[in-house]
Amino acid sequence: MRNSQGPKKMELTRCMREDPAAGCSWCGALSADHQPVYVLVGISDETSLAAYPGAFVEYPVPGARRTVPAYVRPADSPGLEGARTDYNLLFVSCTAECANALSRALEADENAVSIEQWSGKATEGAGVPRPEGRSSRSIAPSSDGRYIILRIVGDYTRQRAMMNNIQAHALGRELGIKRYLVDMTESRNVESVLANYEFAKKEIWNAPEIDTTAVVAIVVSPDDHSHDFIETVARNAGLQVTIFRDRARAEEHLSAGGEGAD
Ligand SMILES: [Zn+2]
């Protein structure tokens with residue numbers, strides 16, 4: 001984990017989300033049915049962490065080429081029962097699968113001197129964020145095989161968007177499908193304007209897993225305007241993304257091939 005040059009100084013920023021604990025650090029989802037798995041990490045560069053005790057930061061994970069929300073353990077926190085005591089960063093993951101993927105990605109981080117997974121019931125005051133809320137996603141091809149349907153339930157964040165897009169596009173690539181229907185009728189975009197801008201303008205384009213030539217129809221509920229901004233930024237950036245408030249029209253749009261499609 002460490003190399004001969006020693007750890008690098010990190011650039012940390014405060015997490016923009018109001019309640020990052022509402023979602024898995026890795027995939028963004030957090031089902032109420034699952035007991036979360038915590039990934040406890042000892043970071044050698046404490047100087048930058050010290051500015052954010054008890055807060056969430058965007059932690060850069062080199063192995064994943066993105067940042068994920070991490071909780072900075074305050075120095076006076078009693079910690080988790082039975083866990084090692086030298087961790088100063090905590091990640092919430094929805095399942096052991098996500099905890100393993102996150103742990104593997106963190107192994108490439110030279111600042112991470114210890115990585116441990118912990119699951120159990122966190123006691124009050126242990127400085128562990130309590131995950132709440134309902135959140136899920138499903139990805140499947142449409143019955144006629146013309147497009148991929150991605151259905152999201154729960155608050156939508158940048159982390160979820162990236163992970164879900166990568167998963168949906170992996171299936172699209174496998175099946176040779178370049179059209180996507182994203183059902184967000186039960187999901188609201190909770191990111192800041194800046195985070196949405198960064199996502200549509202930069203992050204999408206830096207992710208080779210995502211097909212930027214895809215035709216995307218997003219279905220939202222009629223009164224939800226939380227996704228409007230990202231549609232505008234995405235379209236200005238050259239993505240073929242269109243919001244619909246009526247599912248039948250979105251399906252028509254995709255079946256017709258969408259704008260600029262083959
Ligand atoms: Zn997860």
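**Burial, contacts and packing**

Biologist: Why does Glu203 count as partly exposed?

Modeller: A residue is buried if 20 or more other C-beta atoms, placed from the backbone, lie within 10 Å of its own, exposed if 12 or fewer, and partly exposed in between. Glu203 counts as partly exposed because 18 C-beta neighbours lie inside 10 Å. Please note that this is a predicted model, in which local features need pLDDT of at least 70 and side-chain atom pairs count only at pLDDT 80 or more, whereas totals for chains, interfaces and linings use all residues. Residues are numbered from 1 along each chain as its sequence is written.

Biologist: Where does Glu203 sit, and which residues does Glu203 touch?

Modeller: Two residues are in contact if their C-beta atoms lie within 7 Å. Glu203 belongs to helix H4; with residues up to four places away in sequence left out, Glu203 touches Met162 and Glu198. Glu203 and Arg66 are 137 residues apart in sequence, and their C-alpha atoms are 8.3 Å apart in space.

Biologist: How is the packing of H4 with H5 described?

Modeller: Two packed helices are described by the angle between their axes and the distance between the axes. Axes are lines fitted to C-alpha atoms, for helices over the stretch in contact, and angles run from 0 to 180 degrees between N-to-C directions. Here helix H4 (residues 193–203) packs with helix H5 (residues 228–236) at about 35°, the axes being 9 Å apart. The crossing is right-handed, that is, the near helix is turned clockwise from the far one by less than a right angle. H4 makes the contact through Val193, Asn196, Tyr197, Ala200 and Lys201, and H5 through Phe229, Ile230, Val233 and Ala234. Seven of these residues are nonpolar, one is polar and one is charged (nonpolar: Ala, Val, Leu, Ile, Met, Phe, Trp, Tyr, Cys and Pro; charged: Asp, Glu, Lys and Arg; polar: the others, Gly among them).

Biologist: How many helices and strands does the protein have?

Modeller: Helices (H or I, at least four residues) and strands (E, at least two) are DSSP runs numbered from the N terminus. The protein has six helices and eleven strands.

Biologist: In which order do the six strands of the E1 sheet lie?

Modeller: Two strands pair if DSSP finds at least two bridges between them. The six strands form an open, antiparallel sheet in the order E1-E3-E4-E5-E2-E6. Strand E1 (13–14) and strand E6 (112–118) are at the edges with a single partner strand each, so one side of each is left without a neighbour in the sheet. Within this sheet, six bridges pair strand E3 (residues 56–61) with strand E4 (residues 66–72) in the antiparallel sense; Val57 has Ala70 of E4 as its bridge partner. Helix H2 (residues 96–106) lies across strand E2 (37–43), E3, strand E5 (89–93) and E6, and runs at about 15° to E2.

Biologist: What is the pairing in the sheet of five strands?

Modeller: The pairing is mixed, in an open sheet with the order E7-E8-E9-E10-E11. Strand E9 (residues 179–186) and strand E10 (residues 215–219) run parallel, joined by five bridges, and Asp183 has Val219 of E10 as its bridge partner. Helix H3 (residues 158–175) packs on the sheet and touches E7, strand E8 (148–153) and E9, its direction making about 165° with that of E8. Helix H6 (residues 247–255) lies across E9, E10 and E11, at about 175° to E10.

Biologist: Are Asn164 and Cys27 buried or exposed?

Modeller: Asn164, in helix H3, counts as buried because it has 21 C-beta neighbours inside 10 Å. Cys27, in the loop between E1 and E2, is buried, with 24 other C-beta atoms within 10 Å. These two residues are 137 residues apart in sequence, yet 7.3 Å apart in space, C-alpha to C-alpha. Beyond four places in sequence, Asn164 touches Arg137, Leu150 and Ile152, and Cys27 is in contact with Cys94, Cys98, Arg160 and Met163.

Biologist: What is the pLDDT of the protein on average?

Modeller: The average pLDDT, the predictor's confidence in each residue from 0 to 100, is 83, and 83% of the residues score at least 70. Over residues 1–7 pLDDT stays under 50.
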